[in-house]
Amino acid sequence: MKTKNIIISGVGGQGIILASELLSLAAMEAGFDVKKSEVHGMSQRGGSVVSNVRFGEKVYSPLIEEGTADVILSFEKLETLRWIHFLNPQSGVCIVNDLEIIPVQVSQGKGEYPGDIMERLKKKASRVYLIDGVKYALQAGNPRTANTVLLGALSNFLPIEPEIWEETIKKRVPPKTIEANLKAFWLGRDLFKD
Amino acid sequence: MKMLLSGNEAVARGAWEGGVLVSAAYPGTPSTEILENLAKYEEVRAEWSPNEKVAFEVALGAAIGGARATVSMKHVGLNVAADPLMSSAYSGINAGFLIISADDPGMHSSQNEQDNRILAKFAKIPVLEPSDSQEAHDFAKIGFRISEEFDTPVLLRLTTRISHTKCIVEVGEREKVEVKPYNKAVHKYILVPAHARKRHVAVEERLERLREFAEKTDLNRIEWGNPDIGIVTSGIAYQYAKEVMPEASFLKLGFSWPTPIDLVKKFSSQVKKLYVVEELEPFIEDALRAAGLEVTGKEVVPRINELSPRRVRVAFTGKELPHPEPEDVVSRPPVLCPGCPHIGIYWALRRLRATVMGDIGCYTLGFQEPLSAMDTCLEMGFSISGAHGLEKAQGKKFARKLVATIGDSTFLHSGMTGLMDIVYNKGTSTVVILDNRTTAMTGHQDHPATGKTAKGEPTKAIDFKELAHAIGVEKVFEIDPHNLKMTRKVLKEAMELDEPTVVIAKRPCVLLKEERKRLQAKPKKKIIPEKCKGETCRNCLTIGCSAIYWKDGKAWINPLLCVGCDLCQQLCPFGAIVEDVKDEN
Ligand SMILES: Cc1ncc(C[n+]2csc(CCOP(=O)(O)OP(=O)(O)O)c2C)c(N)n1
Ligand code: SF4
Ligand code: SF4
């Protein structure tokens with residue numbers, strides 16, 4: 001198998017690090033070599049945050065090279081656009097949470113939040129999916145499981161069995177939220193059941 | 001057992017397995033989690049120190065005292081600890097002593113991108129460079145053994161991408177390591193000139209023995225591939241080079257200083273062209289050139305900024321892989337949290353048109369618009385001593401508008417001595433201590449004024465007011481920076497006084513657990529659109545709260561971000577900002 005390259009992006013405080021942790025643990029559990037890299041520090045104060053996860057037989061670089069990401073999973077619309085040049089131009093997939101978080105510059109009235117993000121993404125990626133994470137999270141019974149909905153969607157594109165995802169979720173999320181998270185995962189996963 | 005560990009977690013685990021007993025550190029990205037993880041092991045006496053020099057000395061004292069010890073810090077921390085670093089190389093150790101330096105190529109959260117391998121070379125101690133978490137774990141253990149075998153401190157050099165990348169690590173159990181007896185050895189530990197002269201000879205001999213060790217150790221290994229290209233590499237650069245040039249021949253140096261010149265010569269004689277791929281400085285490259293080897297290095301591999309697979313690919317092939325054009329996207333820099341205690345001070349200083357010598361911490365963000373109230377931020381402590389220098393240059397009249405702002409942790413790190421200097425040398429600048437009860441910027445570590453240790457035990461807390469008085473400052477003010485009117489008034493009064501003044505701004509960081517709880521119970525604010533006067537006012541925007549946004553010519557509050565602190569409410573002249581009380585029906 002060729003090494004899988006996943007970019008998870010969003011805004012500080014959105015739970016990107018936990019989401020990439022779940023993905024990495026699931027990949028490890030599935031028997032792959034895994035590396036995941038992100039930068040802490042300044043980026044946490046509401047700045048943009050990105051995590052690179054790579055898994056396969058043997059992974060060297062923890063960083064994904066431009067043009068080689070199999071999936072960009074983004075928790076915020078603008079933050080998908082920011083990393084789009086990392087996507088594999090032939091086969092790459094974008095999974096976008098239908099959420100806009102306004103950068104301070106914009107809220108201060110300097111600069112605009114682009115209205116044409118989806119059009120711009122579609123010009124550069126053959127497969128772009130917009131998912132209302134919170135809507136399904138509410139269906140799962142906990143609005144804070146939106147990230148798990150998106151991970152469920154992502155799981156359709158990765159060679160990791162759903163049972164392994166379930167085990168990983170059970171091990172890593174707060175015990176009280178296990179049930180909602182499992183539901184959220186399946187709601188996301190089933191979005192691609194044709 | 002296999003675990004998914006970051007480089008920092010792996011170093012802590014490796015040091016623990018290697019029998020570490022005493023660990024000291026001062027926080028600093030990307031190194032902070034090393035001590036945080038060491039503190040979780042019951043057997044390890046782990047401590048936050050007020051600064052890196054103290055941390056270094058605590059760990060060195062422990063090593064001389066017979067216990068395996070570590071000190072960890074970010075790269076610039078080793079500048080602060082440079083004095084004990086240089087002396088420890090001469091004194092040697094007793095039990096294993098690891099200096100863990102986490103460098104920050106790319107300056108993700110730092111003011112420079114110095115390469116600390118050069119400091120180790122300068123100090124004449126060996127350098128270990130892990131290239132992933134497994135090696136970070138293994139090298140920490142091996143580092144103790146090298147340290148003891150050669151009676152030397154060892155530098156374990158990490159970088160951001162090693163520290164903060166998680167990989168799979170095969171871990172082991174803790175070795176049983178007895179504390180060695182402490183033996184008085186004045187010839188080593190009293191570095192008077194007569195002893196130091198002999199120690200210098202010992203240090204040079206030790207370096208030669210270390211080089212011989214480097215030639216044989218399996219920390220350095222050859223991976224034969226295509227003999228046309230031979231790549232000498234270390235650290236994270238190894239991973240990028242392997243990714244991009246998997247078929248080449250590699251000499252991977254885990255023990256990069258003293259550089260194993262004979263090994264490199266052997267490798268070089270069997271490849272057609274010799275390259276060095278390393279991040280930042282041409283450290284290995286210079287050593288090879290000095291030995292007369294012909295190499296290609298920094299002509300093609302960039303010296304500035306961190307490396308990446310793309311940059312290494314371009315170095316070898318001149319081309320990038322095909323990829324979509326990057327989009328021009330509005331940036332999203334980090335901002336002060338809604339309700340941050342630092343906001344009020346900068347809001348007031350801007351209104352008072354002060355010259356503000358800032359410092360490093362969350363409060364550095366006060367330089368950004370719309371607060372825009374900071375003139376300088378160089379390195380920890382410069383705010384106070386720098387302000388004193390500025391006053392000496394521009395005179396007392398200028399000092400009536402001159403303020404140093406410094407966080408509580410930074411003040412304890414290196415601000416106290418500057419304040420002494422102001423008092424001693426008759427300065428009159430105002431020092432504002434931003435006492436948010438934590439080291440927020442690096443992820444909320446305790447410090448000597450929080451009343452809690454790294455292990456979570458209660459302890460004595462420094463009282464800033466008494467401290468300032470003891471130093472000789474007579475006028476010390478305490479304020480709540482969330483009271484904007486009072487903050488402005490007190491700052492004005494303090495600045496006008498023709499004597500040293502200290503203003504202590506007391507309010508906890510909103511991300512601290514207790515404070516979070518308190519705020520969660522508070523109602524949020526909302527803006528009544530009919531009352532908001534829009535463009536003609538914009539008053540509430542002057543605090544730069546990221547919960548307030550501008551839409552359709554009026555201000556609005558995002559209820560998900562607002563913490564209900566009421567800063568904005570104090571500024572609205574039209575009473576448009578009110579409590580957002582939930583309708584019970
Ligand atoms: C010599 C050195 N050590 C460590 C750091 C990392 N660092 C930057 S600011 C800071 C302390 C911040 O705490 P504080 O002064 O209390 O301000 P806060 O972030 O809480 O506002 C630290 C540890 C550094 N930049 N330089
Ligand atoms: S973490 Fe604390 S100190 Fe830092 S910006 Fe947020 S509220 Fe302010
Ligand atoms: S009360 Fe006002 S200033 Fe405070 S967090 Fe809410 S919107 Fe921001």
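The model is predicted, so local features need pLDDT of at least 70 and side-chain atom pairs count only at pLDDT 80 or more, whereas totals for chains, interfaces and linings use all residues. Residues are numbered from 1 along each chain as its sequence is written, chains are lettered from A and ligands numbered from 1 in the order in which they are written, and side-chain values use heavy atoms, with hydrogens and water left out.

**Salt bridges**

Over all chains, the structure holds 55 salt bridges; the term stands for a side-chain nitrogen of Lys or Arg within 4 Å of a carboxyl oxygen of Asp or Glu.

Helices (H or I, at least four residues) and strands (E, at least two) are DSSP runs, numbered from the N terminus. Accessibility is classed as buried (under 20% relative accessible area), exposed (over 50%) or partly exposed (in between), with a 1.4 Å probe and protein chains only. K124(A) counts as partly exposed because its relative accessibility is 21%, while E327(B), at 17%, counts as buried.

Within chain A, E167(A) and K170(A) both lie in helix α7 (residues 162-172), three residues apart, about one turn of the helix. An α-helix has 3.6 residues a turn, so residues three or four places apart point the same way. Both ends of this pair are partly exposed, E167(A) at 40% relative accessibility and K170(A) at 38%.

In chain B, E208(B) and R211(B) are separated by about one helical turn because they are three residues apart in helix α10. E208(B) is partly exposed, with a relative accessible area of 36%, and R211(B) is partly exposed at 22%. Elsewhere, salt bridges that share partners join E21(A), K36(A), E38(A), R172(A), E9(B) and K166(B) into one network.

E129(B) sits in the loop between β6 (127-128) and α7 (133-150) of chain B. Its relative accessibility is 2%, so E129(B) counts as buried. The side chain of E129(B) makes polar contacts (N or O atoms within 3.5 Å; within protein, one must be able to donate a hydrogen and the other to accept it, and residues adjacent in sequence count only if both atoms are side-chain atoms). One joins it to the side chain of R117(B) at 3.3 Å, and another, of 3.3 Å, to the side chain of R157(B). Not counting residues up to four places away in sequence, E129(B) touches residues including E135(B), F139(B), S234(B), K252(B) and L253(B); contact means heavy atoms within 4.5 Å.

**Annotated cysteines**

An unreviewed UniProt entry lists C532(B), C537(B), C540(B) and C572(B) under "binding site". Although spread over 41 residues of sequence, these positions cluster in space, with a largest C-alpha distance of 10.2 Å. UniProt positions follow the numbering used here, feature names are shortened, and annotations may be inferred rather than shown by experiment.

C537(B) lies in the loop between β19 (525-527) and β20 (548-551) of chain B and is partly exposed, with a relative accessible area of 24%. Leaving aside neighbours within four places in sequence, C537(B) is in contact with P573(B) and F574(B). C572(B) is found in the loop between α22 (567-571) and β22 (577-579) of chain B and, at 17% relative accessibility, counts as buried.

**Helix α15 of chain B**

Helix α15 (residues 342-351) of chain B is mostly covered, as eight of its ten residues are buried. Among the buried residues are H342(B), I345(B), Y346(B), W347(B) and L349(B). Just after α15(B), R353(B) takes a positive phi of about 50°.
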